[in-house]
Amino acid sequence: MSIAEGRLRVGVVGLGAVAREFHLPALISSKQFELVAGAEINADRRERIRKMFNIPEIYASYQEMYQNARLDVVFVCISNQLHYRTVVAALKAGLHVVCEKPMGTSALEARSMVDLAQQSELVLLPAYNLRFVETFVQAKEKIAHGIIGDLVQIQGTFFNPGPYITWDPKSDWHFDKQGYGVLYDLGSHLVDLMLYMTGIEVESVSAFSLFRYSDVEVPTNISCAFRAKNKIIGSLSLGWGTGALRCELQLHGTAGVLLVDQHQLTHLYRGIDPIERSIAYGCHAFAEIRSAFKRKLGAGAISPEHKKLTRNAADVILGRAFPVTSSYDAIRTHEILESIRTSLDQNGNVVSVKPETTQPDKK
Ligand SMILES: NC(=O)c1ccc[n+]([C@@H]2O[C@H](COP(=O)([O-])OP(=O)(O)OC[C@H]3O[C@@H](n4cnc5c(N)ncnc54)[C@H](O)[C@@H]3O)[C@@H](O)[C@H]2O)c1
């Protein structure tokens, strides 16, 4: 199999939680990829995951894999602090890359990976999977069609129990100071999603945090207010250590409101008929029940958004589609995260985000 025959030989770096739960199931079910190799430093995990997914070639490090396996693409599923060196080595080895979010630990790292990919004429995509969630896709379309009028105010929330209470391994690298805790974990997703759905240009931020885990020097909970171009304001709330996962955006416009999370999308507007409103809520309750049943029955074992992300990655590499996730946007997300980080370090001071620069792959 080869690119010429339309099937891409793929290797996965880091066989931890995100690879096991999402990328490996999507890759082995894909007709466009052939899973050839995996690299993992932890010997027990390496063997366990190799058997679980029947991975033909297995290596103890990404360097060994890049040197020995015949690959077209790598999926980088390693801790954030190691994204940069793993991605740069892959690009230098002539491989296309799908890199987990937030694609490095700074705008500088992200920018230099993007530059190298561009010079090498290779594809580099950040794995911002929430861009493929159906409700968020529909909300983006509604906003683009002007259904809620001009955006005025946005409220985004992303909470989960923490990294990752129910997952094995426990991903302790999230507590490394360089990763800045919940900000780079959930904050990167929420900022990327908000920018993608609304196209707003954030100009300044002011943020506060809590450090709720003992012996850990990273923020576990953050509240951030922001101001954007075109008279838009908003807030983002992020938290670890809460009882359940919740990722939601409320988008308030001059002609209506969209309430959207991973399972439901509700459109409210002035003068909405009370029956229509009840039906809207009822439909989403039904959709929620159906999706809960599916999950319980195992029918949705492969995450639909990772299936779509995998398909889009293959199509982009094969020159058949535009990327849904953009490595240029990943740089912008880092710039906003860095401004939030500066505001946190300055106890809530208002910090300007540097003006947006040209982004060649924006459609
Ligand atoms: N998109 C999402 O929803 C989502 C969810 C979770 C994690 N992530 C991202 O995925 C990445 C990995 O997170 P995770 O939760 O899977 O972490 P994890 O700790 O579970 O897995 C990382 C794996 O990489 C291995 N590793 C470390 N150094 C290595 C090396 N030099 N060579 C090969 N393997 C090495 C570790 O042993 C571990 O098994 C992070 O960037 C994280 O932000 C994304």
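Residues 24 or more positions apart account for 71% of the contacts in the protein with a separation of 6 or more; here two residues are in contact if their C-beta atoms, placed from the backbone, lie within 7 Å. Keep in mind that this is a predicted model, where local features need pLDDT of at least 70, side-chain atom pairs count only at pLDDT 80 or more, and totals for chains, interfaces and linings use all residues. Residues are numbered from 1 along each chain as its sequence is written.

**The overall fold**

The domain assignment gives domain 1 (3–127) and domain 2 (131–352), with bounds that come from an automatic or database domain assignment. Their C-alpha centres lie 25 Å apart. The contact between them takes 35 residues from domain 1 and 34 residues from domain 2. On the domain 1 side, α1 gives the most, with six residues. By class, that side has 21 nonpolar, twelve polar and two charged residues. For these classes, Ala, Val, Leu, Ile, Met, Phe, Trp, Tyr, Cys and Pro count as nonpolar, Asp, Glu, Lys and Arg as charged, and the others, Gly among them, as polar.

**Inside the core**

How much of the protein is buried? Buried residues make up 43% of the 363 residues. A residue is buried if 20 or more other C-beta atoms lie within 10 Å of its own, exposed if 12 or fewer, and partly exposed in between, with C-beta atoms placed from the backbone. A nonpolar core is a set of buried Ala, Val, Leu, Ile, Met, Phe, Trp, Tyr and Cys residues joined through C-beta atoms within 7 Å. The largest one has 98 residues, and Val10, Val13, Val74, Val76, Val87 and Val97 touch the most other members. Helix α7 (residues 182–198) gives the most to this core, with nine residues. Leaving aside neighbours within four places in sequence, Val74 is in contact with Val10, Gly11, Val13, Ala90, Leu95 and Val97.

**Around the ligand**

The ligand is surrounded by 26 residues, the closest being Gly14, Gly16, Ala17, Val18 and Glu100; a residue is near a molecule if its C-beta atom, placed from the backbone, lies within 6 Å of it. This shell divides into 14 nonpolar, eight polar and four charged residues. Its largest share, three residues, comes from α1.

Most residues other than glycine have a negative phi, and most peptide bonds are trans. Lys101 and Pro102, though, are joined by a cis peptide bond, with omega about 5°. Pro102 sits in the loop between β5 and α5.

| Residue | Phi | C-beta neighbours inside 10 Å | Counts as |
|---|---|---|---|
| Met103 | near 60° | 31 | buried |
| Asn347 | near 55° | 10 | exposed |

Met103 lies in the loop between β5 and α5, while Asn347 is found in the loop between α10 (327–345) and β14 (351–352).

Methods
Helices (H or I, at least four residues) and strands (E, at least two) are DSSP runs, numbered from the N terminus.
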